[in-house]
Amino acid sequence: MSTFKGSCNCEAVKYQVSGKVQKIVNCHCDLCRKINGSAFSTYIIFLDNDFEILSGELKSHSVSENATKHFCGKCGTPIFNSDPKFSELKIVYFGTLALANELRPDINIYSESELEWVNNINSLPSFKQGIK
Ligand SMILES: [Zn+2]
Ligand SMILES: [Zn+2]
């Protein structure tokens with residue numbers, strides 16, 4: 001069994017997952033784009049029972065009829081989404097994971113809403129760091 005750790009940006013919220021990754025998905029749906037302000041959202045899905053908050057206070061906001069977004073009450077980093085339709089799952093924000101670079105997404109979902117340029121990001125000029 002594997003153990004995964006993660007945290008928010010201010011490190012107040014820390015979590016741990018003991019168990020198996022169910023799936024890693026890039027979600028291109030309009031709701032995720034809006035609630036995260038990003039072109040698409042990557043989630044790592046675990047069994048709900050495997051997920052444990054170790055420290056920090058989460059706040060939550062209902063984002064649709066079903067879904068709720070849970071985020072650090074101090075810094076606002078999103079930690080996971082919940083949805084009663086998938087109550088046995090924990091839909092965790094991939095970027096909060098330690099060692100995120102050691103895992104790869106498995107699938108794209110809601111690709112019907114994918115922004116056209118997402119496929120082409122490697123053709124853009126790239127810089128090793130930010131530019132002024
Ligand atoms: Zn925080
Ligand atoms: Zn989505």
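A: The chain has one helix and 10 strands. This is a predicted model, and everything below is computed from it. Read from the N terminus, the order of elements is β-β-β-α-β-β-β-β-β-β-β. The radius of gyration is 15 Å, close to the 14 Å that the globule rule gives for 132 residues, so the chain is as compact as a globular protein of that length. Along the principal axes, the C-alpha atoms fill a box of roughly 40 × 35 × 30 Å. Buried residues account for 24% of the 132 residues. Of the contacts between residues at least 6 apart in sequence, 59% join residues at least 24 apart.

Now the sheets, beginning with the one of seven strands. This sheet is open, its pairing is mixed, and its strand order is S6-S7-S8-S9-S4-S3-S10. At its edges stand S6 (58–62) and S10 (107–109), each with a single partner strand, so one side of each is left without a neighbour in the sheet. On average, and with direction ignored, neighbouring strands here are turned by 30 degrees against each other. One pair in this sheet can be followed residue by residue. S7 (residues 68–72) and S8 (residues 78–82) are antiparallel and share four bridges. Within that pairing, Lys 69 has Asn 81 in S8 as its bridge partner.

The other sheet to consider has three strands in the order S1-S2-S5; this sheet is also open, and its pairing is antiparallel. Its edge strands are S1 (3–7) and S5, each of which pairs on one side only. S2 (residues 14–18) and S5 run antiparallel and are joined by four bridges. Two positions show how they line up: Gln 16 has Glu 52 in S5 as its bridge partner, and Lys 14 stands opposite Ser 55 in S5. The number of buried residues among the five of S5 (residues 51–55) is zero, so this strand lies largely in the open.

In soluble globular proteins, nonpolar side chains tend to be buried together. Here the largest nonpolar core has 21 residues, of which Tyr 43, Ile 79 and Val 92 touch the most other members. At least two core residues come from each of S2, S3 (23–27), S4 (41–47), S7, S8 and S9 (89–93). S9 gives the most, with four residues. Apart from its neighbours within four places in sequence, Tyr 43 is in contact with Val 25, Cys 27, Ile 91, Val 92, Tyr 93 and Phe 94.

A last stop is the segment after S10, where Glu 114 is found. Glu 114 has 18 other C-beta atoms within 10 Å, which makes this residue partly exposed. Leaving aside neighbours within four places in sequence, the contacts of Glu 114 are His 28, Phe 40 and Asn 108. Glu 114 and Asp 30 are 84 residues apart along the chain, yet their C-alpha atoms are separated by 8.6 Å.

Note on methods:
Residues numbered from 1 in each chain as written. Chains lettered and ligands numbered in written order. Predicted model: local features only at pLDDT ≥ 70, side-chain atom pairs only at ≥ 80, totals over all residues. Rg over C-alpha atoms; globule rule 2.2 N^0.38 Å. Buried ≥ 20, exposed ≤ 12 C-beta atoms within 10 Å, placed from the backbone. Contact = placed C-beta atoms within 7 Å. Pairing = 2+ DSSP bridges. Axes fitted to C-alpha atoms, helices over the stretch in contact; angles between N-to-C directions. Core = buried A, V, L, I, M, F, W, Y, C linked by C-beta atoms within 7 Å.
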